[in-house]
Amino acid sequence: MIRRFGRTERALHWVHATGFFAMLATGLVLYLPALSELVARRNVVKNVHIFSAVAWALAIVLVVALGDRRRLAADWREIETLDRDDRSWLLGRPAPQGRFNAGQKVNAIVTAAFAILFAISGFFLWLGERDHRYLFDGTGTVHDALTLISVGLVSGHLYLALIHPQTRHALRGMTLGEVREDWAREHHPKWLEERRRL
Amino acid sequence: MEDRTLGRTAFLGLVGAGVAGLFLGRDALGLLGKVVPNGVESIVPTGGWRIYTIGSSIPRLDPKTYRLTIGGAVERPVTYTLADLRSLPRAEQVSDFHCVTGWRVEDVHWGGVRLRDVLAEAGLRPSAKTLRFVSAEVPYDDTLTLPQAFGRDVLLALDMDGEPLSHGHGYPARVVMPRMYGYKSVKWVTRIEARTTYTDLGYWEQNGYDKDAWIGASNGF
């Protein structure tokens, strides 16, 4: 077994996942007319949605503040770096991958950007209801579009992490932190190579 | 090093595009509707309704006990049952519905009664200038001037798309003022009050939203 994710990385992942699904569930009730009419106590759902958002943001700040920031910074550097192999991989040509494959990098970049945009658009949805000067033209549209695209991304993410036989071993890395060495050699050979060099 | 700029550019580009989207025209929503497949659109309302309420739950009014009272600056206060309302001259129209938050629904088929007919029996006093619509969803209310309320496309709707209004859409009676943003179209109307001044602020107007909420010419849009 080799270690893939430390405690800070895993905490960040699960805090974000918990917040996302709490806000998705309550958000869909607020958004889909059929569900809106079904669920009687709309303002409770709305408050839970807003409370989840605040709790989510605070928890992320806490994880970053108290966790292994150097490690997170190194992760982000790695994620932002889409090298020649990554670009080939994204174009469908097999190429050796590092600790994150190119798909995971793109997913992480999109997820991070969306988290910021969800927070901004959500904040202005809240504020615009209280003061119309902050009611912008596209706030709702952006929040909705983010939701639609995120549901697509998360569906793919869940399929690869839970169902697809070749990739689902990765889940162990995000729960217990470790993955099998032979699995890592097959899916992330450049990572093992780097580890050996260190 | 150059490898890293690609990921960084993608990240900043996404954030920038999203922030720009906040200020972009409402047609962006129409674009979104085109991207989403038709089958999904029946469930996911990209071009459809959202149900907004201000209270703890969606009001469920009983048709047997429902009453619409007409009062204020009128000659004779009148109370209508739902059957009374349905016996008034029927009017129908197809109009778009625009929400101030940016979504819209096109070609909604409304059936109901014109406000002039609703007010006929009570009779407005000459001093009356506005109509204040009071919702069963306390404390929601909003006001239209008489010229606004008596417009040819303004309705006290009882039906939507061929069926009685659903509870979420304001059953059994709601205002439809298609040329203004939806917050002027009060749902679950239980009282219409003729007023002699145009000073009442509706629920959202107390938060700074425009009284005359003309689509495309109010609230900064």
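What share of the contacts in chain A with a separation of 6 or more comes from residues 24 or more positions apart? The share is 54%, where two residues are in contact if their C-beta atoms, placed from the backbone, lie within 7 Å. The model is predicted: local features need pLDDT of at least 70, side-chain atom pairs count only at pLDDT 80 or more, and totals for chains, interfaces and linings use all residues. Residues are numbered from 1 along each chain as its sequence is written, while chains are lettered from A and ligands numbered from 1 in the order in which they are written.

**Chain A**

Chain A has 10 helices and two strands. Both kinds of element are DSSP runs numbered from the N terminus, with helices being H or I of at least four residues and strands being E of at least two. Along the sequence the elements of chain A follow the pattern β-α-α-α-α-α-α-α-α-β-α-α. Taken along the principal axes, the C-alpha atoms of chain A fill a box of roughly 60 × 35 × 30 Å.

Of the 198 residues in chain A, 25% are buried. A residue is buried if 20 or more other C-beta atoms lie within 10 Å of its own, exposed if 12 or fewer, and partly exposed in between, with C-beta atoms placed from the backbone.

Helix α7 of chain A covers residues 139-163, which is 25 residues. The expected span of a helix is 1.5 Å times one less than its number of residues. The buried residues of α7(A) are Thr139(A), Gly140(A), Thr141(A), Val142(A), His143(A), Asp144(A) and Ala145(A).

**Contact between the chains**

Chain B brings 43 residues to the contact and chain A brings 39 residues. On the side of chain B that touches chain A, α1 (2-23) and α2 (27-35) of chain B each supply at least two residues. The most come from α1(B), with 14 residues. That side of chain B divides into 22 nonpolar, 16 polar and five charged residues. Here Ala, Val, Leu, Ile, Met, Phe, Trp, Tyr, Cys and Pro count as nonpolar, Asp, Glu, Lys and Arg as charged, and the others, Gly among them, as polar.

**Strand pairing in chain B**

Two strands pair if DSSP finds at least two bridges between them.

| Strand pair | Bridges | Direction |
|---|---|---|
| β1(B) and β2(B) | three | antiparallel |
| β1(B) and β10(B) | four | parallel |
| β3(B) and β4(B) | seven | antiparallel |
| β4(B) and β7(B) | four | antiparallel |

An open sheet of five strands in chain B has the order β2-β1-β10-β5-β6, with mixed pairing. At its edges stand β2 and β6 (141-145) of chain B, each with a single partner strand, so one side of each is left without a neighbour in the sheet. From one strand to the next, the twist averages 20 degrees, an angle between N-to-C directions on a scale from 0 to 180 degrees, with axes fitted as lines to C-alpha atoms.

Within this sheet, β1(B) and β2(B) form a hairpin with five residues between them. Leu68(B) stands opposite Tyr80(B) in β2(B), and Thr69(B) stands opposite Thr79(B) in β2(B). Thr69(B) also has Arg191(B) in β10(B) as a bridge partner.

Val78(B) lies in strand β2 of chain B. This residue counts as partly exposed because it has 18 C-beta neighbours inside 10 Å. Apart from neighbours within four places in sequence, Val78(B) is in contact with Ile70(B), Glu121(B) and Ala122(B).

A hairpin is also formed by β3(B) and β4(B), with five residues between them, and Gly102(B) in the turn has a positive phi of about 115 degrees. Glu92(B) has Gly111(B) in β4(B) as its bridge partner, and Gly112(B) is paired with Ala157(B) in β7(B).

**Nonpolar cores**

A nonpolar core is a set of buried Ala, Val, Leu, Ile, Met, Phe, Trp, Tyr and Cys residues joined through C-beta atoms within 7 Å. The largest has 42 residues, and those with the most contacts inside it are Leu156(B), Ala157(B) and Val189(B). Elements of chain B that each supply at least two residues of this core include β1 (68-72), β4 (104-113), α5 (115-120) and β7 (155-160). The most come from β7(B), with five residues.

Not counting residues up to four places away in sequence, Ala157(B) touches Trp110(B), Gly111(B), Gly112(B), Leu165(B), Arg174(B) and Val176(B). A second, separate core of eight residues includes Ile79(A), Ile109(A), Ala113(A) and Ala145(A).
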